[in-house]
Every structure is written in C-alpha cells, then in structure tokens.
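Here are a few friendly notes to read alongside the model.

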Amino acid sequence: MRNPYILVAALLLFSMLLLPLASIPGGDDQTETPAEHEKFPEKMQTFQVYNHETGKTEKIAAGEYVFGAVAAEISPDSEEEALKAQAVVCYTFACRKKWQRMQSGQGDYDLTTDPSKDQAYLGRQQAKEKWGDKYTEWAQRLDKAVDAVSGLLLTYEKEPILAAYHCISGGKTESAENVWGQDYPYLQPVESVGDLLSPEYLSEVRVSPDQFKEKAAGWGAVLEGEPSGWLREPVRSRSGTVLTYTLGGKEVTGRQLRADFGLRSSNFDLAVGSDGQLVFTVRGYGHGVGMSQYGANYMAAQGSAYLEILSWYYPGCQLAKSS
C-alpha cells in the first residue's frame, strides 16, 4: 500500500515551492554588507553562560558561543544554508536572554547550557570527543556558517525575538499560544512539508491498560471497563497538536500526556491495538513552535538560502546587526 504521508508531502511540496516567501530586508543576496542592516541598540559581543554541569559561569565570545550552540543543537553535516539559519537563530535566542537580563537588571548570567531551560552547548573539546575523526571537517563547516552570519539576529519591532525551534514538526508548525499560552505574531503556524519526509516523522509508544490507568489516576481520572471505552476524540489545534483530551471525566492536556508517556510530541493519535495495549502514534519531534530543523534542512537542500528559511518560519521579522 502506498504511504499516505508521502502522497500528502508531494502535493504540499508543489504548493510550497510555488508560494512566494515573505522577504526579510536584504532579500536573498548573500553578499550584502553589515552596514545595510539596521543596527541593534545593545552590544551582544559576549555572553555570561552558566554551565549546569560544572556549576560555573563563563564569559564566552558571541561567535564561540554560537558555534557551541549550533554544534549541540543540529547535525554538523546539515546543509550549509540550514547551518547559517541555525546560527542566526541560536544567536538571536542568546541575545534575547541577555537583553531581558539587561532590562531587568537581575541575574548573574545571561543563559545556561541546560537544554530544558535554554539552548544546549557543546564546547570545542566536547565536540572533538563526540565527533572523533570528523571533528576537523565538521568544525570547519560550522565555523564557516557562523562566520557568514556573524552578528545577525532576528528582531520584531526592534527587539530580539523569542527564536524558538524544534526538530521535526507534524507537517505544520504550531503557535506559541497553543504551547506556552502566550501569543507572538511571528510564532504562528506555517506549512513545513519537508518534515513529512523525515524517516523519524512517525514514532509509536505502546502502553498496557494497567500502566495507562495508573497514570490516569494521577490526573484524578477513574477508568473502568474496556480500554476502547476510555477513548474520545481530542481537542486539536489546526496544526494537529492535541490541546486537551478527556479521560474518565477528567480533562488532561496534550502536553501532560506527552510528558507522562514520553511521547516525542503532542501531535498524536491514541487507539487500542490488536493486542489490547494503548498505542500512541506520534507525529514530529519537539514542541513544534518556530523553525523546524528538519524542515529548514529540507528547504536548504531544495535551494533556499538562509534568509528564505528564516522568513518562512518567522514571518514578519527583520534582520538586524548587533553593534
């Protein structure tokens, strides 16, 4: 039987390629000089980074920090334009954190290396140990990408944006409001059809009825009878994310279900399998907000420059140059 996701991807791909991308100031010209960008008002040449593993805070030059963040957050053998897009996003993320600390006057550091709070970070020595004999080749690729977009960040109304990103969307990115409860004009759903072609697009988690009932009890839900009688249609966003699910008369969020059952995303179907287990069929990987890394790499492979990628995933934003 032909895979239905591949068919959908093919149809959406043609429509995506025909849609004109919103232009970030500067267009597709990769040779433009920094003077042609609007200046960002604060200096962002270094970051105070708290290493959650060592417990120490270190002052790191911006370029070196971006190298480490990109090295930790995306595969170094990704397409060059995807690496550039990721570098801009990582720098923007760090700039926003520093800018927020500067505005509040609070805190001893700008951001941490804890990926559950901020961005992951891989120092050069760590990268060397992780990449082995590929280190020289991959480090050169990352250095080239980081240098090409040095000091460039995304802004909205002259402020650094919340540059959210994730591994793989469900085929359409999610709004920040549906995930975190706060709306951002530039973090709205956009098509990301390349994600449908990812070999990791679909994943599955199987849970026994007893395990499921035990988790449900933690939400205050009492499940009785056959598992097939427990399930209802969830409330979904237009991107497919499960917002709420009613079980045993109790409403639980898709985020809670994701956390409790170790799902890769909150975009899932739930059914009873032939063996009596409850089966989660999950689409995508991550919260789904902002830039899809797989989608960005797919766009780059199709010939999109990093500016096109950024404008697609962060519509309405502008490119600025840190002073």
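1. Let's start with a term: a crossing of two helices is left-handed if the near helix is turned anticlockwise from the far one by less than a right angle, and right-handed if clockwise. Please remember as you look that this is a predicted model.

2. Now try the term on a pair of helices. Helix H3 covers residues 80–104 and helix H10 covers residues 306–313. Their axes come within 8 Å and cross at roughly 55 degrees, so H3 and H10 are oblique to each other. The crossing in which H3 passes H10 is right-handed.

3. Which residues of H3 and H10 make the contact? From H3 come Glu81, Ala82, Lys84, Ala85, Val88 and Val89, while H10 gives Tyr306, Ile309 and Leu310. Sorted by class, the contact of H3 with H10 has seven nonpolar residues, two charged ones and no polar ones.

4. Next, find the open sheet of three strands, whose order is E9-E10-E11 and whose pairing is antiparallel. Strands E9 (235–236) and E11 (250–253) stand at the edges; each has a single partner strand, so one side of each is left without a neighbour in the sheet.

5. How many bridges join strand E10 to E11? There are four, and E10 (residues 242–247) runs antiparallel to E11. To see the pairing for yourself, look for leucine 247, which stands opposite lysine 250 in E11.

6. Helix H8 (residues 254–261) lies across E10 and E11, and H8 runs at about 75 degrees to E11.

Methods:
Residues numbered from 1 in each chain as written. Predicted model: local features only at pLDDT ≥ 70, side-chain atom pairs only at ≥ 80, totals over all residues. Heavy atoms only, no water. Axes fitted to C-alpha atoms, helices over the stretch in contact; angles between N-to-C directions. Helix = DSSP H or I, 4+ residues; strand = E, 2+ residues; numbered from the N terminus. Parallel < 35°, antiparallel > 145°, perpendicular 65-115°, else oblique. Contact = heavy atoms within 4.5 Å. Nonpolar A, V, L, I, M, F, W, Y, C, P; charged D, E, K, R; others polar. Pairing = 2+ DSSP bridges.
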